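Open the model in your viewer and keep the sequence panel beside it.

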Amino acid sequence: MTRVFNFAAGPAILPEPVLQQAAEEMLDWHGSGMSVMEMSHRGKEFVSIAEQAEADLRELMGIPANYKVLFVQGGATLQFAAIPLNLLRGKKSADYVNTGEWAKKAIKEAKRYGGVNVAASSEDRQFTYAPAQSAWKLDADAAYVHYTSNETIGGVEFNWIPETGSVPLVADMSSHILSRPVEVSRYGLIYAGAQKNIGPAGLTIVIVRDDLIGAASPLTPSILDYKVQADNGWMYNTPATYAVYVAGLVFQWLKKAGGLAKMEEINRAKATLLYDFLDQTEFFYSPVDKSDRSLMNVPFRLRDEKLNDEFLKQAKQAKLLELKGHRSVGGMRASIYNAMPVAGVQALVAFMREFQTKHG
Ligand SMILES: *Cc1c(COP(=O)(O)O)cnc(C)c1O
């Protein structure tokens, strides 16, 4: 068996000990004689898995008791609709910050349900920076303020939390949740698809403050109504049981690794290795403003774009996979989530250095 270093943006790399444990428990989970995939979501075995997963996530992120944690389906994309449906609460509009491809999709979907005020945008410079708070034109009467705290495609990360007064702050944290500690109490709602930095695709995590639940638009499908999901312990219908189980193994792995402060330390070290290399060569470059560079998704470009195909071909031979940038922006992108070992980033930098020597 040969494992590669997988730099995909999502679905993405998972910690090897987690995959091993899942393999060992595949046919018989803890003497139950069943795979987790075969269990009733209402049986005591799966309920214990679900409760443990939620408790571990609460512990890792320090989620206060007045927040509900929901393990739902439909991806972050379905939340683009669920959020206005649940949170507009009779108000006319919400504020959105436009920082790139994912923010644009969130805005487009929200417009189906209410007004959208684009409070700030970084489109003027091709989404290569996070607009400073001083440039945000917030509406005091907005139902909520939505931003994408890490733009997976552009590689732009907010390293500060926006100040929105009494208007609830909503964050799409899909691609950097669990990469570092976060002050949950500053948010009204946090959501994330699991397949970037948590676990398998098919699971979406919603963390929502109690007072924002219970006033969904009457048109809201039951399954998207946070109150319905909260009242039913996020099992109004069958949840993505196996994805919840693997996410739970990842939470255990994170706890053993030292929690989110430790992850941040490691993630900073990994990202620094790569960005420092990009900054000291003329051959490659990072298009993103230094202060707003993502620790998780690192887009980079070759000055000579004619070498792109050759770069990807040789990288693959070196067992460094999925380095092609998103089709909407081109270039390269290395996603270096929690599960990417330091050795993977070291191998990438060594490869890039060698490629430059050969072709520079
Ligand atoms: C991947 C991603 C999404 C979309 O996630 P799906 O699970 O495919 O719906 C939304 N927002 C961000 C920031 C993402 O990285």
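A salt bridge here is a side-chain nitrogen of Lys or Arg within 4 Å of a carboxyl oxygen of Asp or Glu. By that rule, 1 salt bridge is found across the interface of domain 1 and domain 2. The model is a predicted one.

**Stop 1: the two domains.** Select residues 17-256 and colour them as domain 1, then select 258-359 and colour them as domain 2; these bounds come from the domain assignment of the protein. Taken over C-alpha atoms, the centres of domain 1 and domain 2 are 27 Å apart.

**Stop 2: the interface.** Show the residues where the domains meet. On the domain 1 side, 27 residues are in contact with 25 residues of domain 2. The size of an interface is often given as the accessible area lost when the parts come together. For domain 1 and domain 2 the buried area is about 2,100 Å², with 52% of it on carbon and sulfur atoms.

Which residue forms a salt bridge with Asp289? Select Arg125 along with Asp289: Arg125 is the partner, and the closest N and O atoms are 3.2 Å apart. Between domain 1 and domain 2 there are also polar contacts, with a count of 18 residue pairs, both residues at pLDDT 80 or more. On the side of domain 1 that touches domain 2, at least two residues each come from helix 2, strand 7 (156-157) and helix 6 (241-257). Helix 6 gives the most to that side, with 4 residues.

Stop 3: Switch to a cartoon view and find the open sheet of 7 strands, whose order is 2-10-9-8-5-3-4 and whose pairing is mixed. Strand 2 (67-72) and strand 4 (115-121) each have a single partner strand and stand at the edges, so one side of each is left without a neighbour in the sheet. On average, neighbouring strands are turned by 20 degrees against each other, direction ignored.

Now select residues 169-172 and 189-193. These are strand 8 and strand 9, which run parallel and are joined by 3 bridges. Within this pair, look at Ala171, which stands opposite Ile190 in strand 9.

**Stop 4: helices on the sheet.** Select residues 101-110, helix 4. This helix packs on the sheet and touches strand 3 (93-98), strand 4, strand 5 (145-148) and strand 8. The direction of helix 4 makes about 160 degrees with that of strand 3.

Last, select residues 44-61, helix 2. Helix 2 lies across strand 2 and strand 10 (204-209), and runs at about 130 degrees to strand 2.

Key: Residues are numbered from 1 along each chain as its sequence is written. This is a predicted model: local features need pLDDT of at least 70, side-chain atom pairs count only at pLDDT 80 or more; totals for chains, interfaces and linings use all residues. Side-chain values use heavy atoms; hydrogens and water are left out. Two strands pair if DSSP finds at least two bridges between them. Axes are lines fitted to C-alpha atoms, for helices over the stretch in contact, and angles run from 0 to 180 degrees between N-to-C directions. Contact means heavy atoms within 4.5 Å. Domain bounds come from an automatic or database domain assignment. Buried area is the accessible area (1.4 Å probe) that two parts lose on being put together, summed over both. A polar contact is a pair of N or O atoms within 3.5 Å; within protein, one must be able to donate a hydrogen and the other to accept it, and residues adjacent in sequence count only if both atoms are side-chain atoms.
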